[in-house]
Structure formats: structure tokens, C-alpha cells
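Please open the model in a viewer and keep the selection tool at hand. The stops below are meant to be taken in order.

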Amino acid sequence: MRKFRIVLVGVLAAGSLYSIGPSTATAAPTKVTGGIAAQVATGGSVAHVPPAPSTDLPLRTLAREHGLGIGTAVDMTALDADPEYRSRVAREFSAVTAENVMKWESLEPARGEYNWAPADELVDFARRNGQKVHGHTLLWHNQLPAWLTQGVADGSISPAELRTIVRNHITTVVKHFRGKIRAWDVVNEAFTDGDSPVLRDTIFRQHLGPNYIADALRWAHAADPSAKLFLNDYATDNINPKSTAYYELAKQLLKQRVPLHGMGFQGHLDLQYPLPIDAPENLRRFDRLGLQTAFTEVDVRFFLPVDTYKTAGQVGSFNTLLQACLLTPRCVMFTVWGFSDKYSWVPGWFDGQGSATPMDENFQPKPAYRGLQQVLAVASDPNSRRGF
Ligand code: G3I
């Protein structure tokens with residue numbers, strides 16, 4: 001079994017950066033030149049070193065060398081109203097995820113009345129800009145339409161009817177976008193937190209039973225056999241009880257021949273908590289099951305104000321996840337949950353926290369952005385046929 005070693009190689013003006021190199025019990029750490037290297041193991045030797053970038057290349061250009069999709073969540077209000085935002089989304093990213101407009105409450109605000117326009121607009125934008133779309137999300141306990149949650153709560157929607165409604169929702173949505181969505185987060189945030197995660201007590205778990213995840217995957221697959229089907233959750237970046245619950249679930253689903261193709265790790269990090277440094281091993285175990293993996297919602301928040309330590313920590317945090325992805329043969333996508341602080345969800349949800357994205361409110365690249373660029377530019381990579 002190959003082992004990897006993460007070596008802290010220094011603190012540049014940009015912040016702390018990591019080198020990942022091949023390591024066996026006896027191997028010397030990867031030689032680091034030029035202050036930073038993110039070299040990916042090839043089983044004892046370092047492969048092909050790509051030429052250093054001479055210009056300020058967009059992330060999508062750099063990520064293409066790795067066969068990696070680089071994505072962002074897209075706020076459709078911003079995409080419509082802010083030309084600078086729109087041009088950055090097009091320039092920097094090869095994948096887009098709807099931040100909100102593919103969620104159930106947005107797609108079907110009134111029962112039977114679908115509002116496709118914002119989601120269709122994103123899909124069209126992506127097509128025009130040569131981007132792939134990551135579908136988010138078919139089943140989640142948040143952002144459900146009121147007609148659904150109220151109907152279930154007051155008993156006017158029976159368990160049997162709920163099953164039909166869920167099946168129809170998945171089928172209708174996946175068919176609507178058939179052939180246009182690379183992958184779907186079929187079920188989002190299915191497990192509880194803590195030391196002994198169990199399936200969340202959602203209306204789906206309550207009324208469709210514990211096999212609702214398998215059912216949802218089968219229904220989605222029937223509606224678009226070419227779409228990759230993912231489960232997706234937060235606080236799963238490390239090896240921990242929650243990620244292990246997913247690992248066990250994935251094994252079970254695959255054994256039952258349920259169409260599960262990938263695991264999404266959200267990657268919402270917070271500098272006050274330890275870095276998920278065993279992310280490479282964590283992704284690798286899902287990879288060994290034959291699943292694709294992806295970081296689907298990366299951001300790194302901290303308590304304001306910004307200072308040099310936090311800036312450095314943020315660079316290291318983004319890089320740790322990106323490098324974990326590069327170390328994993330089928331890690332197909334690295335998506336940030338917003339790329340500019342101008343539109344980040346973080347300040348609205350965490351009092352006093354912010355600055356969680358790679359660009360500031362004026363779309364100026366922060367050290368975190370330069371760190372991502374550098375890792376993508378410098379990392380040699382034996383896994384460049386990832387299947388994105
Ligand atoms: O739709 C209403 C709109 O009608 C109203 O005018 C507006 C006024 O504030 O609110 C709008 O709803 C907001 C919605 O985003 C759309 O902008 C909600 O208040 C707000 O709570 C909602 O927040 C979203 C959150 O999911 C909801 O749980 C964030 O933007 C979005 O970034 C966040 O994304 C989630 C992922 O889907 C799953 N993983 C975690 C991630 C962060 O929470």
C-alpha cells in the first residue's frame with residue numbers, strides 16, 4: 001500500500017503551503033524547489049513535472065492538466081445582476097453547482113407547478129461557457145417546499161402518497177435535465193453528527209423507511225442513466241464516525257447493486273477546528289470501492305478581522321483539500337461554495353465570521369486563490385485521467 005507524507009514546507013508571503021510527496025518507511029521527503037511543490041506520489045518516484053506557469057492562468061486552465069473539474073456554487077441573483085461576477089464564473093471554472101435554484105423549494109414552490117427558469121438559465125450559461133453542471137440536490141431535509149412539509153405534518157399527505165411524490169419529484173427533475181447534468185447530489189446530508197451517526201430523522205426516513213436512499217438512487221438512475229449519482233455531506237472530510245457511516249453505507253449499496261457512483265465531501269472548514277489532514281486516506285478508501293469522489297462545497301471561514309495567521313491558515317486549508325483530491329485517482333472535482341466574499345453565505349450564518357472564499361469582495365484574488373493556482377500549476381499528477 002502506498003503511503004503519503006504531508007510535509008509542511010514553509011511559510012511564504014502567501015501563507016503556509018504543503019508539499020505532498022511519496023513516502024515509504026525509508027524514502028526521503030520529496031525535494032522541494034522554488035519554495036512550494038505539491039508533488040504527487042507515483043509509487044516511489046515523482047512523475048512528469050509540468051512547466052511552471054509564466055502567466056496568471058485561470059483555475060480551470062490549470063485544473064485541466066489534471067483532468068480535474070474546478071467548480072463554484074453559483075448564486076443566480078448575482079449571475080443576473082453582476083457582470084463582474086458573471087465573467088469570473090466563466091473565466092475561472094469548468095464546473096458549476098446551483099447554490100439554491102435546483103433545490104426542491106425553488107423548483108416546485110407550489111405543488112405541481114415547476115419553476116425551471118433559473119436552473120435552466122444556469123444550465124444554459126454552463127453550456128455556453130464549456131462548463132459541466134453538478135446537480136444540487138434532489139433530496140435534502142432543508143429548503144423543502146412548505147406545501148410538502150406542511151402536508152406531511154398535518155397528515156394530508158400520507159406516507160404512501162409521499163413516496164409517490166418523492167419518486168415523481170426525482171423522476172421529473174432528473175428527466176428535465178437529462179443529458180445536461182454531469183452528476184447529482186441525490187441525497188444531501190443524510191447522516192446525523194456526533195460519535196454515533198445514524199440516518200437523520202427526516203420525513204423521508206420516517207415515511208419511506210431506511211431504504212429511501214437506495215430507492216432515490218434507483219429512481220434517479222432510471223431517469224438519466226448517464227448521470228453520476230452522489231451522496232454528499234459536511235464534516236466528512238476526515239476519517240471520522242460520520243465519514244465511516246458513509247463508507248459502510250456505500251459498501252452496502254454497492255453490494256446490493258444500487259447505482260451509486262460517487263461521494264461528495266462538502267469541505268466547509270473553519271480555522272478554529274483541526275485541519276482534516278487524513279482527507280487523502282479518507283478519499284482513498286471510497287476510491288478503492290470504485291467510487292468517484294469530489295470536494296463539493298469548499299470554503300474556509302474564520303472569525304474576523306483578517307490577520308496574517310488566519311490568511312496563512314486559510315491557504316493551508318484550501319490546499320490540504322485540493323491536494324487530497326489530487327492524490328485520489330478518481331477525485332473528479334474540486335468546487336468552492338462561492339468564490340468571492342461579496343456573495344458568500346458565511347457571514348449570514350455565522351456571527352462574526354467571514355472571508356471564507358478565495359477572492360475578496362472586489363473579486364481580487366486572495367492568497368487562498370494564489371495557493372490553489374500554485375498547487376494546480378506545480379503538482380505533478382499520475383491521476384490525470386480522472387473522468388471529469
Ligand atoms: O428564497 C428566499 C427569497 O425569496 C427571499 O427573498 C430571501 C430573503 O433573505 O431569502 C431567500 O431564501 C434564502 C435562500 O438561501 C436563497 O437565497 C434563505 O433565506 C437562505 O437561508 C438560503 O441559504 C442557503 C442555505 O443553503 C439554506 O440552507 C445558502 O444560500 C446556501 O449557500 C446554503 O447551501 C448549503 C448547501 O445547499 C448544502 N450544504 C451546506 C450549504 C451551506 O449551508
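A disulfide is a pair of cysteine sulfur atoms within 2.5 Å. This is a predicted model, and a search of the whole structure turns up one disulfide.

**Stop 1: the disulfide**

Select Cys-325 and Cys-331, whose sulfur atoms are 2.0 Å apart and form the disulfide. The torsion about their S-S bond is about -100 degrees, so the disulfide of Cys-325 and Cys-331 is left-handed. Both Cys-325 and Cys-331 are buried.

**Stop 2: aromatic rings**

Next, show the aromatic side chains; the search of the whole structure finds 16 aromatic pairs. Take Phe-295 and Phe-334, which form an edge-to-face pair with 6.2 Å from centre to centre and 65 degrees between the planes. Phe-295 belongs to strand β10 (residues 292-303) and Phe-334 to strand β11 (residues 331-336), so the pair ties together parts that are 39 residues apart in sequence. Both Phe-295 and Phe-334 are buried.

Then select Tyr-85, Phe-93, Phe-339, Tyr-343 and Phe-363 together: ring pairs link them into a cluster. Stay on Phe-363, which is in the loop between β12 (353-354) and α14 (367-378). Phe-363 has a relative accessible area of 3%. Is Phe-363 buried or exposed? Buried means under 20% relative accessible area, so Phe-363 is buried. The backbone of Phe-363 is also worth a look: phi is near 65 degrees, a positive value in a residue other than glycine.

**Stop 3: charges over rings**

Select Tyr-234 and Lys-242: the charged end of Lys-242 sits over the ring of Tyr-234, 3.5 Å from its centre. Now select Tyr-247 and Arg-285, where the charged end of Arg-285 sits over the ring of Tyr-247, 4.9 Å from its centre.

**Stop 4: the ligand**

Which residues come nearest to the ligand? Of the 14 residues around the ligand, the nearest are Glu-99, Lys-103, His-136, Glu-297 and Trp-337. Select Lys-103 to see an N or O atom of its side chain 2.6 Å from an oxygen atom of the ligand. Asn-100 has a polar side-chain atom 3.0 Å from an oxygen atom of the ligand. In Glu-189, a polar side-chain atom lies 3.0 Å from a nitrogen atom of the ligand. On its own the ligand has 790 Å² of accessible area, and the protein covers 53% of that.

**Stop 5: cis peptide bonds**

The peptide bond from His-136 to Thr-137 is cis, with omega near -5 degrees. Thr-137 is in strand β5 (residues 132-139). Another cis peptide bond joins Leu-304 and Pro-305, with omega about 5 degrees. Pro-305 lies in the loop between β10 and α12 (308-326).

Most residues other than glycine have a negative phi, and most peptide bonds are trans.

**Stop 6: a loop residue with positive phi**

Select Arg-257, in the loop between α10 (241-255) and β8. What is the phi of Arg-257 near? Phi of Arg-257 is near 60 degrees, a positive value in a residue other than glycine. With a relative accessible area of 77%, Arg-257 is exposed.

**Stop 7: Gln-266**

Where does Gln-266 lie? Gln-266 is in the loop between β8 (262-265) and β9 (268-270). Gln-266 is buried, with a relative accessible area of 1%.

**Stop 8: two pairs apart in sequence**

Finish with two distances, taken from C-alpha to C-alpha. Select Arg-288 in helix α11 (residues 279-288). Arg-288 counts as exposed, at 55% relative accessibility. Between Arg-288 and Pro-329 there are 9.5 Å in space, C-alpha to C-alpha, and the two are 41 residues apart in sequence.

Now select Val-166 in helix α7 (residues 159-176). Val-166 counts as buried, at 0% relative accessibility. Val-166 and Asp-215 are 49 residues apart in sequence, and their C-alpha atoms are 9.8 Å apart in space.

Note on methods. Residues are numbered from 1 along each chain as its sequence is written. This is a predicted model: local features need pLDDT of at least 70, side-chain atom pairs count only at pLDDT 80 or more; totals for chains, interfaces and linings use all residues. Side-chain values use heavy atoms; hydrogens and water are left out. Buried means under 20% relative accessible area, exposed over 50%, partly exposed in between (1.4 Å probe, protein chains only). Rings of Phe, Tyr and Trp (its six-membered ring) pair if their centres lie within 6.5 Å; planes under 30 degrees apart count as stacked, over 60 as edge-to-face and the rest as tilted. Helices (H or I, at least four residues) and strands (E, at least two) are DSSP runs, numbered from the N terminus. A charge sits over a ring if NZ of Lys or CZ of Arg is within 6 Å of the ring centre and within 35 degrees of the ring normal. A residue is near a molecule or strand if one of its heavy atoms lies within 4 Å of it. A polar contact is a pair of N or O atoms within 3.5 Å; within protein, one must be able to donate a hydrogen and the other to accept it, and residues adjacent in sequence count only if both atoms are side-chain atoms. Accessible areas come from the Shrake-Rupley method with a 1.4 Å probe; for residues, only the protein chains shown count as cover.
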